[in-house]
Amino acid sequence: MALLVEQTTKVASTSVKVSVDRHTLYKRRWRAKAEDGTELAVNLDSPVSDGTLLDAGQGRVFLIEQQAENVLVIPLPQKTEMAAKVGWYLGNQHLPVEIRENEIILEQLNTLAASLDRIGISYTLRRDVFHCKMHSHQH
């Protein structure tokens, strides 16, 4: 088992991919299996994110890849009234979001989809990597 305790910016000639879900990436300590079958124990000072390189020593580098998940996608509204409605609604839900150039990405929740249907906010469902910060409720 390889113990990974530090991030690196060194680019190795070959790095081994490690596929990890978003919730695991919020943690400092976790276990995973790399693409080449190597068992990993990760113990870092702070959580990592998609694309992080971890140094295992002896020239071995592991590339963290966040797994895609089911997400709900709201296109950014062109009309000011609808933009305000979407902003007001999502803000009151205190949900983690990822804002992209033309869309808002949220974790797919059945209750959220039903609520958006009820109030008339359009969305689509798909699989994608959801890059959001860990949610914490602070004002």
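Ser115 lies in helix H3, which covers residues 110-119. In this predicted model, Ser115 is buried, with a relative accessible area of 8%, a value that falls under the 20% cut-off for burial. Between Ser115 and Asn43 the separation is 72 residues in sequence, and their C-alpha atoms are 39 Å apart in space.

The protein chain contains 3 helices and 11 strands. Read from the N terminus, the order of elements is β-β-β-α-β-β-β-β-β-α-β-β-α-β. The radius of gyration of the protein chain is 18 Å, whereas the globule rule gives 14 Å for 139 residues; the chain is therefore more spread out than a compact globule. Along the principal axes, the C-alpha atoms of the protein chain fill a box of roughly 55 × 30 × 25 Å.

Of the 139 residues, 35% count as buried. Among contacts in the protein chain with a separation of 6 or more, 66% are between residues 24 or more positions apart.

Thr14 is placed in the loop between strand E2 (6-8) and strand E3 (15-20). With a relative accessibility of 58%, Thr14 counts as exposed, since the cut-off for that class is over 50%. Thr14 is 47 residues from Val61 in sequence, but the C-alpha atoms of Thr14 and Val61 are 7.5 Å apart in space. Thr24, by contrast, belongs to helix H1, residues 22-25. The relative accessible area of Thr24 is 13%, so this residue is buried. A polar contact of 2.9 Å links the side chain of Thr24 to the side chain of Asp21.

His94 occupies the loop between helix H2 (80-93) and strand E9 (97-99). The phi angle of His94 is near 55°, which is a positive value in a residue other than glycine. At 33% relative accessibility, His94 counts as partly exposed, because this figure lies between the limits of 20% and 50%.

Glu103 is located in strand E10, which comprises residues 103-107. Its relative accessible area is 19%, and Glu103 is accordingly classed as buried; the cut-off for this class is under 20%. The side chain of Glu103 makes a polar contact of 2.7 Å with the side chain of Arg126. When neighbours within four places in sequence are left aside, the residues in contact with Glu103 are Val73, Ile74, Pro75, Leu76, Glu98 and Arg126.

Taken by accessibility class, the residues described here divide as follows. Ser115 in helix H3 is buried at 8%, Thr24 in helix H1 is buried at 13%, and Glu103 in strand E10 is buried at 19%. Of the two loop residues, His94 is partly exposed at 33%, and Thr14 is exposed at 58%.

Notes. Residues are numbered from 1 along each chain as its sequence is written. This is a predicted model: local features need pLDDT of at least 70, side-chain atom pairs count only at pLDDT 80 or more; totals for chains, interfaces and linings use all residues. Side-chain values use heavy atoms; hydrogens and water are left out. Helices (H or I, at least four residues) and strands (E, at least two) are DSSP runs, numbered from the N terminus. The radius of gyration is taken over C-alpha atoms; the globule rule is 2.2 Å times the number of residues to the power 0.38. Buried means under 20% relative accessible area, exposed over 50%, partly exposed in between (1.4 Å probe, protein chains only). Contact means heavy atoms within 4.5 Å. A polar contact is a pair of N or O atoms within 3.5 Å; within protein, one must be able to donate a hydrogen and the other to accept it, and residues adjacent in sequence count only if both atoms are side-chain atoms.
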